[in-house]
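Subject: Structure handover and pocket results

Hello,

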Amino acid sequence: MHDTSARPADDVNVSTRNPAGSRTVLLRGGFVYSPADPFATAMVVDGDTVAWVGSEGAADSFADGVDAVVRLDGALVTPAFTDAHVHTTATGLALTGLDLTGAGSLAEALARTAAHAAAHPADRVLLGHGWDETRWPERRPPTRAELDQVAGGRPLYLTRTDVHSAAVSTALLALVPGIEQQPGYDPRQPLTRDAHHAVRRAAHAAVTPAQRAAAQRAALAHAAAQGIGSVHECAGPDISGEDDLTGLLALAAAEPGPRVHGYWAEAWQRPGDLDRLRDLGATGAGGDLFVDGSIGSHTARLHSPYADAPHTGVSHLDEETIARHLALCTQAGVQAGFHAIGDAAVDAVVAGVRAAAETAGVDRVRALRHRVEHAELMSERSIAAFAAFGLVASVQPAFDAAWGGTDGMYARRLGAERAAALNPFAAMTRAGVPLVLGSDSPVTPLDPWGAVRAAAFHRTPGHRISARAAFNAHTRGGWRAVGRDDAGVLVPGAPADYAVWSVGDLVVQAPDDRVANWSTDPRSGTPGLPDVTPGGDLPTALRTVVGGRTVFARPNG
C-alpha cells in the first residue's frame, strides 16, 4: 500500500505579482481532484476558466508566467459543490434568527422562543424554524396557547423541521381572514396544506426588503464557507414569492458569492404562462411544485395508510395537471420539475411524464432533464421509468441520516418495511437515473461532505453508493441538472469554480456489496477523496472560488 496522505493544511499561501488584478493563478503543492489526471498536484486558472491540470514537476514551467502562485501545502482542490435544493432566504433567517433544530425538548423549544421574543421587542412578526416533536420526550408539538404565552400576544410563525407544517400563534391567525375555512386548518394541531401556505405568506410579508437581503447574504456566505459554489433556489408562490426570487437573483448577480439558479414552482395552464417564468429569470418551472407534502407532517401521498395515522396523506396536483405542465414545458423547451416524496406522488409524476411523452415525444422529454425533488419512496417500476425518461432525481441523503434507521421517524410514520425502502440511491444509480444532491436547507444544514457521507453510509446498507458517486452527484451532477455538461469538474476549459480543503488521508472506496472498503493504493488510477467514514473529521473549507474569484477565504487560509 502506498499512502497518499494529504497533510492537513492550516493555511494556503499566496504570492502575487499583480495583486490588483490577478488573472492567471497557479495552485501547486497539493492534490487536485480531476479526471484529467488522477495524480494531479497542481492547476492553472486563467481568469474564470481552468487552463491546465497536472504534476508538480510540470508546474515549474508555468511559475514564471502567472500573476499569482497559491502554495497549497498539502491541501486538496476539488470542484466546488452544488447544493441542488435550497431555500436561501429561509436558510438565512434560520442562521440569523430563531433556530429550533437543536432543541432537545418541547420545554427547551418554548424557552428559546420566549427568549427570542424578549430579545426582539420591535419585530412585528416573530419567525422561527426547526422544531421536531419526534425528537422530544413530550412527543407532541407546541399548542397554540403555549405559543401565545411565549410570544407575548404577538404573531408567531414556527415551521416544523420539514417546512410542511407550522405551529402558529392566535395573533398570526388573526392576520389571515377566513383561515378556519382553509384546507389544513386544525385548531388543535399545526397547520398544513393551504392553511399553512396562507399563514406563511402573512408571516413573510412582515420581512422587509432589507431584512430579506441580509438573510440572503448570510445564507450565501455560509454556503461559500462550506465549499459550495452554486445553489439551486427552489422558489414559488406558496414558498417565498416573486420578489424574493428576483431579489435573490439580482443580489447573486451583483455581489461575489455562489451562483444561484432559480426554479419557480407554479403549474402552467397555457403557453403564455411561460412568459412570466422568463420575466422572473428562472432556470426552470419546477423545484418545489408540490405533488404532495412530507412524511414527517403526514402529508406525503402514499398508496397505503401511514403506520401512525389513518390516512394516505395529501395530493396537491393530479395526473392531468402534471401532464399538462410537462407537455407545455417540453414543447417550449423549458425544464420542468415537481416535489414528490410518497410512492403515490412519485407514480403520479411518472404517469404525467408518460402522457407528456406521448404528446411531445420521448426524446424531447429526455433532452430537457425534467426533475423530481426528493423522490424518496420509489418502486422498481418508478425507478425504471425515471431512467427511461431521463428524469433527474434531486435527493437529500441527510434525510436518511436524520430520520432513517429502525428507530427513526420514518419507521414510526411508515413501519419498518416501507421505511427501509426509502431513498434507494444504489438501485437508482444502477438503473442509470441521474442523481443530484442537495440539502433542502433549512430542512437539513448546508453540509456537502456530510451529504456524501450520508449517501455512502446510508442507514440501509443496500441503498449505499460509493463516496465517489455521491461526490460527483454533488458537483458535476448539479451542473448537468441545469443543462451544463462542461462544469463541476476540474479539466481544461471548465469554469474555475473550486474549493480548497484541509484534509487527512485521501482514499479510494473499493466497491463491495457488504461493506465500504477504502484503499490508498495509487495503482487504482482513480483520484482519491477524503475518508468520510462516520466518526472521523470531515474536510474544512479553506477557500472557495467561483468563476476565478475568491468568494470565501478562511482567516489565515
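Which residues lie nearest the centre of the second largest pocket, and how many residues line it? This is a predicted model, and in it the second largest pocket is lined by 32 residues. Nearest its centre lie Leu 435, Asn 472, Ala 473, Gly 477 and Arg 480. Strand S18 (435–437), helix H19 (467–474) and helix H20 (476–480) are the elements that give two or more residues to that lining. H19 provides the largest share, five residues. By class, the lining of the second largest pocket divides into 16 nonpolar, ten polar and six charged residues. The volume of this pocket is about 610 Å³.

Next, the largest pocket.

Its volume is about 940 Å³. The lining of the largest pocket consists of 46 residues, and Thr 89, Leu 93, Leu 127, His 204 and Val 207 are the closest to the centre. H2 accounts for the largest share, with five residues. The lining of the largest pocket has 20 nonpolar residues, 14 polar ones and twelve charged ones.

That covers both pockets.

Regards

Notes
Residues are numbered from 1 along each chain as its sequence is written. This is a predicted model: local features need pLDDT of at least 70, side-chain atom pairs count only at pLDDT 80 or more; totals for chains, interfaces and linings use all residues. Side-chain values use heavy atoms; hydrogens and water are left out. On a 1 Å grid over the protein atoms alone, a cavity is a set of points where a 1.4 Å probe fits but cannot get out, and a pocket is an open set with protein on both sides within 12 Å along at least five of seven lines; lining residues have an atom within 4 Å of a point. Grid points are joined across faces, edges and corners, and a volume is the space filled by probe spheres set on the points. Helices (H or I, at least four residues) and strands (E, at least two) are DSSP runs, numbered from the N terminus. Ala, Val, Leu, Ile, Met, Phe, Trp, Tyr, Cys and Pro count as nonpolar, Asp, Glu, Lys and Arg as charged, and the others, Gly among them, as polar.
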